[in-house]
Amino acid sequence: MQKIFYLHVPLAIVSLCGFMFGALLAIGYLRTGDRKWDMRSYVAIHMALIFGIGGLITGSIWAKASWGHWWVWNEPTLVSFLIVLLLFATYQPLRFSIEDPERQARYASVFAIVAGVFVPLNFIAVRLAQQFVHPRVLTLGGGSLPGSMRLTFLIALLGMTLLYVTLWKYEMTTKNTRMQVRRLRRTLLGEDAIRPAGRTAAPS
Amino acid sequence: MSFLFAVAPALPLGKSGKFVAGAYIVFVVLILVYVGIMAIRSQRTERELAELQRDVEAVRTREDERERETVA
């Protein structure tokens, strides 16, 4: 059962870091006004959401195996993670609700930064809470993880981080290529040659 | 199941083993679905690129013909 730990915890950590990474990239957009930063932030949050859903499902399976329940509402770590996930789940509908691309990018960046700041605050608040049910095996003071398990965990965390970065880069490349094809079509064949993209949550 | 134990005797499929297997299967399925969606999008981009190439070639051929007509 402990083996879920090597999957669930890295998924959750990478997901939360991904949300903060998205916030940092959103700062890049507000500083420069360059749309590529908005695209980077969008993809980072999108990826973090996918990893977060993975973390939530694997956590739920772990809870069922350990505690006999799929979900425990009085457990602060679980509920706080769900709150963060639901908060970022509104990111896509927010983008979709704004038609003007400039406004969409600006509002989404502000949202990403505010929600991104909420992630470490939420984490600290849960750590400071008195009542703990969730096992505390990872702390700044070393924690209670034995050496061999710590090594396995660190390798799993590194692997998960690399997977996140690879998929982020993969999606960025796909989106950039598509945008470049559209731009090329517009340049070579004129504005009429482009089919309207319609309302979309993704940067266009 | 017996075949699975025969090829992977160390696989912990006991009481809690099914939960471990379930968690890892969820992870693999999530990644596979994501990669599948991205593959479909890549195919669409490939199609658009091929379409663009055809259109550009058609425009170029038309321009060449017009040039030849002007010279003639």
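Helices, as the word is used on this tour, are DSSP runs of at least four residues, of type H or I, numbered from the N terminus. The model on the screen is a predicted one.

**Chain A as a whole**

Begin by colouring chain A by secondary structure, which comes to six helices and zero strands, so that the order of elements from the N terminus reads α-α-α-α-α-α. Of the 204 residues in chain A, buried ones make up 30%. If you display contacts between residues of chain A at least 6 apart in sequence, 73% of them join residues that are at least 24 apart.

**Helix H6 and the residue after it**

Select residues 147–189 of chain A, which form helix H6; this helix has 43 residues and reaches 62 Å from its first C-alpha to its last, close to the 63 Å expected at 1.5 Å a residue. Stepping just past the end of H6(A), you come to A:Gly190, which takes a positive phi of about 95°.

Now show the side chains of A:Met160, A:Tyr164, A:Glu171, A:Lys175 and A:Arg185, the buried residues of H6(A). What do the buried residues of H6(A) pack against? Their partners are H1 and helix H2 (35–67) of chain A, together with helix H2 (17–71) of chain B.

**Where H2 meets H6 in chain A**

The crossing in which H2(A) passes H6(A) is right-handed. On the H2(A) side, select A:Met39, A:Arg40, A:Val43, A:Ala44, A:Met47 and A:Phe51, and on the H6(A) side A:Tyr164, A:Leu167, A:Trp168, A:Glu171, A:Met172 and A:Lys175, since these residues make the contact. By class, the contact of H2(A) with H6(A) divides into nine nonpolar, no polar and three charged residues.

**A stop at A:Ala63**

While helix H2 of chain A is selected, centre on A:Ala63, which is found in it. Why does A:Ala63 count as buried? It has 20 C-beta neighbours inside 10 Å, and a residue is called buried if 20 or more other C-beta atoms lie within that distance of its own. Leaving aside its neighbours within four places in sequence, A:Ala63 is in contact with A:His69, A:Trp70, A:Trp71 and A:Val72. For a sense of distance, draw a line between the C-alpha atoms of A:Ala63 and A:Val110, which are 47 residues apart in sequence and 35 Å apart in space.

**Helices H5 and H1**

Next select H5(A), whose 28 residues should span 40 Å at 1.5 Å a residue, in agreement with the 41 Å between its end C-alpha atoms. Its buried residues include A:Gln104, A:Ala108, A:Ala112 and A:Val119, and what covers the buried residues of H5(A) includes H1, H2, helix H3 (76–89) and helix H4 (91–97) of chain A.

Among the residues that make the contact are A:Leu16, A:Phe19 and A:Gly22 of H1(A), and A:Ala105, A:Ser109 and A:Gly116 of H5(A). The contact of H1(A) with H5(A) has 15 nonpolar, three polar and no charged residues.

**Out to chain B**

Finally, show both chains and select the contact between them, which takes 20 residues from chain B and 25 residues from chain A. The side of chain B that touches chain A has 13 nonpolar, four polar and three charged residues.

Notes
Residues are numbered from 1 along each chain as its sequence is written. Chains are lettered from A and ligands numbered from 1 in the order in which they are written. This is a predicted model: local features need pLDDT of at least 70, side-chain atom pairs count only at pLDDT 80 or more; totals for chains, interfaces and linings use all residues. Two residues are in contact if their C-beta atoms, placed from the backbone, lie within 7 Å. Ala, Val, Leu, Ile, Met, Phe, Trp, Tyr, Cys and Pro count as nonpolar, Asp, Glu, Lys and Arg as charged, and the others, Gly among them, as polar. Helices (H or I, at least four residues) and strands (E, at least two) are DSSP runs, numbered from the N terminus. The expected span of a helix is 1.5 Å times one less than its number of residues. A residue is buried if 20 or more other C-beta atoms lie within 10 Å of its own, exposed if 12 or fewer, and partly exposed in between; C-beta atoms are placed from the backbone. A crossing is left-handed if the near helix is turned anticlockwise from the far one by less than a right angle, and right-handed if clockwise.
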